[in-house]
Structure formats: C-alpha cells, structure tokens
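I opened my notebook with the chain on the screen and a few things to look up. Here is what I wrote down as I went.

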Amino acid sequence: MLLLWILGIIHHFADFSTIFAILGLYYLFAMATFIPEDLKFWERIRLMMAAPFAYLILYLINVVDWISLIRCLFNMKRIAGNEDKTAKWQHVDR
C-alpha cells in the first residue's frame, strides 16, 4: 500500500524527492541499528552501502506476500478441504 501511495505522489507531482527522502530516512534508521555493534571498518562500510537497497528488496518481499495471499484466497476451499495431496510430511529418524 505504501509503495502505491509513494508512486501516486511521484506521478501526481512529478517529484522524486519523496522516494529519495524515504530512502534517506530508511538509510539513517538502518545505520542506527548497526552503529553500536562491534564491527570491522569494512563490514560497517558494506552495510552502509547496502542499506538503501534493503528497502527496495523489502517491497519485493511485500509483493510476493500479496501474490501468495491472493492465491490462497482463490484456493481457500481446496486448501481448507485438503484436496491437494501432493504435500506430505515424512518423519526423519535421528
């Protein structure tokens, strides 16, 4: 939902500052989570460079979750009735 809202604002105002502001804010939050950690200098640099991309990847995960939800809703009767016998549990002896 948030992604659609952001895209709507960008389209309506023809302004990319919203997406850059959100990426910057997420970048600051991500940096704040690993600043107190005891990391090597290069590990800290790699995390700082990867932080903005994590935001975009999280939206990809949200899209996959929504697709999964829609598929489950369309197949709700089949799932509830356990009509699909392809999935099985096989116990592993240890």
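Predicted model: local features only at pLDDT ≥ 70, side-chain atom pairs only at ≥ 80, totals over all residues.

**Entry 1: leucine 69.** Is leucine 69 buried, partly exposed or exposed? Leucine 69 has a relative accessible area of 40%. Buried would need under 20% and exposed over 50%, so leucine 69 counts as partly exposed. I found leucine 69 in helix α3.

Entry 2: I then looked at a nonpolar patch on the surface, formed by Trp66, Leu69, Ile70, Leu73, Phe74 and Met76. Together these residues have about 680 Å² of accessible area. Which element gives the most to the patch? I wrote down helix α3, residues 41-74, with five residues.

**Entry 3: the span of α3.** Next I checked the length of this helix. With 34 residues at 1.5 Å a residue, α3 should span 50 Å. I found its end C-alpha atoms 49 Å apart, so the two values agree.

**Entry 4: a bend.** Where does α3 bend? I located the bend at alanine 51, and it comes to about 40°. Proline 52 follows within four residues. Alanine 51 is also on my list of buried residues of α3, together with Tyr55 and Tyr59.

**Entry 5: aromatic rings.** How many aromatic pairs are there? I counted one. Phenylalanine 41 and tryptophan 42 make up the pair, with 5.1 Å from centre to centre and 75° between the planes, an edge-to-face arrangement. Both phenylalanine 41 and tryptophan 42 are exposed.

**Entry 6: helix α2.** I moved on to α2, residues 17-34. This helix has 18 residues, and its first and last C-alpha atoms are 26 Å apart, close to the 26 Å expected. Its buried residues are Thr18, Ile19, Ile22, Leu23, Ala30, Met31 and Phe34.

**Entry 7: the loop.** Is proline 36 buried or exposed? I found proline 36 in the loop between α2 and α3. Its relative accessible area is 65%, so by the over 50% cut-off proline 36 is exposed.

Terms used
Residues numbered from 1 in each chain as written. Heavy atoms only, no water. Patch = residues over 30% accessible without salt bridge, like charges linked within 9 Å, V, L, I, M, F, W, Y side chains within 5 Å. Areas by Shrake-Rupley, 256 points an atom, 1.4 Å probe, with all protein chains shown as cover. Salt bridge = Lys/Arg side-chain N within 4 Å of Asp/Glu carboxyl O. Helix = DSSP H or I, 4+ residues; strand = E, 2+ residues; numbered from the N terminus. Buried < 20%, exposed > 50% of the residue type's maximum accessible area, 1.4 Å probe, protein only. Phe/Tyr/Trp six-rings, centres within 6.5 Å; stacked < 30°, edge-to-face > 60°. Expected span 1.5 Å × (residues − 1). Bend = angle between axes of the 7 residues up to and from the residue.
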